[in-house]
Amino acid sequence: MAPSLDFSDWWAKDTRKGTPVVVKMENPNYSVVEIDGPDSAFRPVEKSRGKNAKQVTWVLLLKAHRAVGCLTWLATVFWSLLGAIKKRLSFTHPLGSEKLGRDRWLFTAIKLFLAVSLLILGFEIVAYFRGWHYFQSPNLHIPTSTLEIQSLLHLVYVGWLTLRADYIAPPIKALSTFCIVLFLIQSVDRLILCLGCFWIKYKKIKPRFDEEPFRNDDGEGSGFEYPMVLVQIPMCNEREVYDQSISAVCQLDWPKDRILVQVLDDSNDESIQQLIKAEVAKWSQKGVNIIYRHRLVRTGYKAGNLKSAMSCDYVEAYEYVAIFDADFQPTPDFLKLTVPHFKDNPELGLVQARWTFVNKDENLLTRLQNINLCFHFEVEQQVNGVFLNFFGFNGTAGVWRIKALEESGGWLERTTVEDMDIAVRAHLHGWKFIYLNDVKVLCEVPESYEAYKKQQHRWHSGPMQLFRLCLGSILTSKIAIWKKANLILLFFLLRKLILPFYSFTLFCIILPLTMFVPEAELPVWVICYIPVFMSFLNLLPSPKSFPFIVPYLLFENTMSVTKFNAMVSGLFQLGSSYEWIVTKKAGRSSESDLLSITEKEIPNKKSQLLRGVSDSELLELSQLEEQKHAVSKKPVKKTNKIYHKELALAFLLLTAAVRSLLAAQGVHFYFLLFQGVTFLLVGLDLIGEQMS
């Protein structure tokens, strides 16, 4: 149960601490009493001994001393918290605050809700200290006659109780019931996915191919017939990671005359362009078939970049295309583990590999992201790939059959989730997908909350844009009805729309609202048991993350405000739903880069690599390399950011937690308290701090 405001409960405990105090009265008419606690004077004593005024005074002084000490401690803690917040704000640059722009509708609604909550809280506190404790028990009699009304304020309070019970509580109950039903449906879907994953593990189901799928049996020898593969690396201002991805792709184990690497650079920074050109020239001198492409006009973002690259005439000679974002580092055997699945499988359009993260243990934020993404790949992608032959393309670390891309309409620039767009259209055209959970590609997750929030906004607004655009195509397509139902009800509505809706509405709006309207209180199993069980299921693919189950649950509820805002913006085309911001990377190295790093450190190998390059080109490459090292060594000044919506929700939840103290609502209080503190940490940009 939540703590009560009656401080006498603390003093009534039978705990004896400290040194006993003996009070001796100089007047022989007074008795001598040993006081070893604040309530000693009120214990039963011998009939020969009696209490007197001076004894009671001493007891009151002891009680006052203890109360003052408690208040002093609370004031010290509160003052320290304010000091920490003030220090945090003092280091925040004026430009380091979240730009609300046209998305400020949600922030305005939260501020209005917070103002009303503070007003009601003040009113309830006044009523509490006046003894109007009608909210503590639903069976308490509420005065209705004029004889029972004590004052005008009492009359207003009684009117508020009637209004709350008759007109405010019913719609809140209806909305909470609707959200709980959605919550249960989504929980059942999550449970079914986990059972499907267990079945796959139990039966050891996974895609397989012949050991030598490209063997030539025409009698000319035991060689292999490797197909032509195009490898694309789209990037934009990727100073930190461009060399890692190019290095890893150029070390792929595939015949050099059967592979072409396209570095698709959309950078608008000339210095970065020169660095990428130098890296491409270096690998070209080593014998890798690699070219550099740069667009003068960056239209359509990544989709436009890929569409422009596929329009080249030489692409017609290639059968498959592998795509890697700038921070992805495939192993040398990636193509040999993925491309063979296409042989003798003409209906297969996509082979998707799993992501694994080089910086998953960097801080608390990366650990929490790793939990989500492990569940996505281990459970969602694998189950959908095995039982449905369909899942959303992850945009990278996959190999497409070029014929499937062309028949599906190619890359389109109509949404910010071009990968999901092409996957849905290919599925509507009858192409099948394979997911390889055993083939892993190293990459990064965002290490700052700012980068993660922008990424999540794009990932949750884009699907709603796509749903608006392709709903008609799904309904009129020739695929089976159950596939249409899966696309509309599960793929889009349940996992892309309903999940952020009920998560934000139920835990960030309805729950604090029920603290001020106790008649609509949520049951404990909704806010405690089922969320903990669902979090437990999410952590199954990453068992080492079980100590983070509570932070994960709180952080997912915190992220619901960003996901809900993005979902609404994409569905109704509001605010920055079409904005594309490249996720910032840190440039973490992996083992696949050791060869290239060693070559940089050995002068003899470097001279062999640059053999045939003119003196002027060699001088330019040396200058660019020095420039890169100078930029990488330059200290980056950290700018703290303030996130308005998260801070407003933090104060709202903490206000609701204070209100729950008046009714001692137990689990509700602790959930609101910890959730409010989590929102506060995120709002002050403290969630991405180093926590090993």
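## Helix 19

In this predicted model, helix 19 covers residues 644-663, and its 20 residues reach 30 Å from the first C-alpha to the last, which is close to the 28 Å expected at 1.5 Å a residue. Of these 20 residues, 16 are buried, so helix 19 is largely enclosed by the rest of the structure.

Burial is counted here as under 20% relative accessible area.

Strand 8 pairs with strand 10 in the parallel sense, through nine bridges, and within this pairing R354 stands opposite K440 of strand 10. Strand 8 also pairs with strand 9 (residues 398-401), but here the two run antiparallel and are joined by three bridges; in this case L350 stands opposite W400 of strand 9.

## Nonpolar cores

The largest nonpolar core holds 86 residues, and the members that touch the most other members are I246 and W400. Strand 10, which spans residues 432-443, gives the most to this core, contributing seven residues. Because both domain 1 (106-205 + 462-584 + 638-691) and domain 2 (226-447) give residues to this core, the core lies between them. In soluble globular proteins, nonpolar side chains tend to be buried together.

What does I246 touch, leaving aside residues up to four places away in sequence? The contacts of I246 are with I233, M235, V263, I276, E279, V280, W283 and I290.

## The chain as a whole

The secondary structure of the chain comprises 20 helices and 11 strands, and of its 692 residues, 50% are buried. Among contacts in the chain with a separation of 6 or more, 80% are between residues 24 or more positions apart.

Notes. Residues numbered from 1 in each chain as written. Predicted model: local features only at pLDDT ≥ 70, side-chain atom pairs only at ≥ 80, totals over all residues. Heavy atoms only, no water. Helix = DSSP H or I, 4+ residues; strand = E, 2+ residues; numbered from the N terminus. Buried < 20%, exposed > 50% of the residue type's maximum accessible area, 1.4 Å probe, protein only. Contact = heavy atoms within 4.5 Å. Core = buried A, V, L, I, M, F, W, Y, C linked by side-chain atoms within 4.5 Å. Domains from an automatic or database assignment. Expected span 1.5 Å × (residues − 1). Pairing = 2+ DSSP bridges.
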